[in-house]
Amino acid sequence: MLKANHVSVVYGDTMVVQDVSFHIAMGDWFMILGPNGAGKSSLLKALTGVISSQGKVELLGQAVQSYRPAERAQAIGFLSQVQAPSYAYRVEDVVQLGRYAYHNGPFARLKQVDQQKVAEALALTGLETMRQRTLDELSGGEVQRVFLAQVFAQDPQVLLLDEPTNHLDLAYQEEILSHIEHWLNQGNRAVISVMHDLTLARAYGNRGLLLANGRVIRQGNLSNVLSSANLEAAYGFDVQSLMQGRMKLWDV
Ligand SMILES: Nc1ncnc2c1ncn2[C@@H]1O[C@H](COP(=O)(O)OP(=O)(O)OP(=O)(O)O)[C@@H](O)[C@H]1O
């Protein structure tokens, strides 16, 4: 459903993503992994077509750069790393904005299908009872769920997520990722996410790639990608021994 062919991203005179190619099939949860500054977010943004890149990204057989903005928003849902609402919007208003791509302007009257998609998104994220509350009355994890509900309401075929569990405690991490997994399992969909937590990436993803200094160290099934040797090549130290040593702290 999505193919990246020889994608590179250049800022000024620095190439931060170098000649990356991969494909994603329906049902995949594809993880983009690697250390800080590796180029993960830049690659994700290049996939959406919102930043210019070299190479080609093809979504559903069409170059993503050639989509009109509304068409693109109907195909791709993008959840960025930082959600900083500057106004105390109501939960249902934020979720309804996910239907913006299907209308002429944000104040258009919602049709029955829009109401249904909003209701489904609120149900999928467990926000039905909070729909009248304002964002300033919610916890950080609940706010993250609201923005996830917004991209669910958008009803895209591919969801791009930049660190969806950032700043969330363990319970909320599991909750958000379970909601995404549930969404993915409804069929004809795919998820691509940038993740720092390698254990969560293993638990929820099936395929992915490991980036370091803008280059792919390895891609494919995560069990192969996340080998001890690949992790050491990407992070510059023995990641698996560190994680295993930390796990021993929990032995009683
Ligand atoms: N708009 C920009 N202009 C110039 N340089 C940028 C820009 N955005 C990111 N960079 C640089 O590009 C490199 C890759 O950044 P990117 O955010 O893609 O990395 P990342 O792997 O997502 O990092 P992190 O894990 O820290 O979020 C970094 O060196 C960063 O400083």
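Two strands are said to pair if DSSP finds at least two bridges between them, and helices (H or I, at least four residues) and strands (E, at least two) are DSSP runs, numbered from the N terminus. The views show a predicted model, in which local features need pLDDT of at least 70, side-chain atom pairs count only at pLDDT 80 or more, and totals for chains, interfaces and linings use all residues. Residues are numbered from 1 along each chain as its sequence is written.

**View 1. An open sheet of four strands, in the order S2-S1-S4-S5, has antiparallel pairing.** Strand S2 (14-24) and strand S5 (62-63) stand at the edges with a single partner strand each, so one side of each is left without a neighbour in the sheet. Strand S1 (residues 2-11) is joined to S2 by seven bridges, and Val 10 stands opposite Met 15 in S2.

**View 2. Helix H5 (residues 140-153) has 14 residues.** Of these, 10 are buried (20 or more other C-beta atoms, placed from the backbone, lie within 10 Å of the residue's own), among them Phe 147, Leu 148 and Phe 152. The buried residues of H5 pack against several elements, including helix H4 (112-124) and helix H6 (170-184).

**View 3. Pro 156 lies in the loop between H5 and S7.** Pro 156 is buried, because 20 other C-beta atoms lie within 10 Å. Leaving aside neighbours within four places in sequence, Pro 156 is in contact (C-beta atoms, placed from the backbone, within 7 Å) with Gln 74, Ala 75, Ile 76, Gly 77 and Val 151. The C-alpha atoms of Pro 156 and Gly 77 are separated by 5.6 Å, although these residues are 79 residues apart along the chain.

Note on methods: Expected span 1.5 Å × (residues − 1). Buried ≥ 20, exposed ≤ 12 C-beta atoms within 10 Å, placed from the backbone. Contact = placed C-beta atoms within 7 Å.
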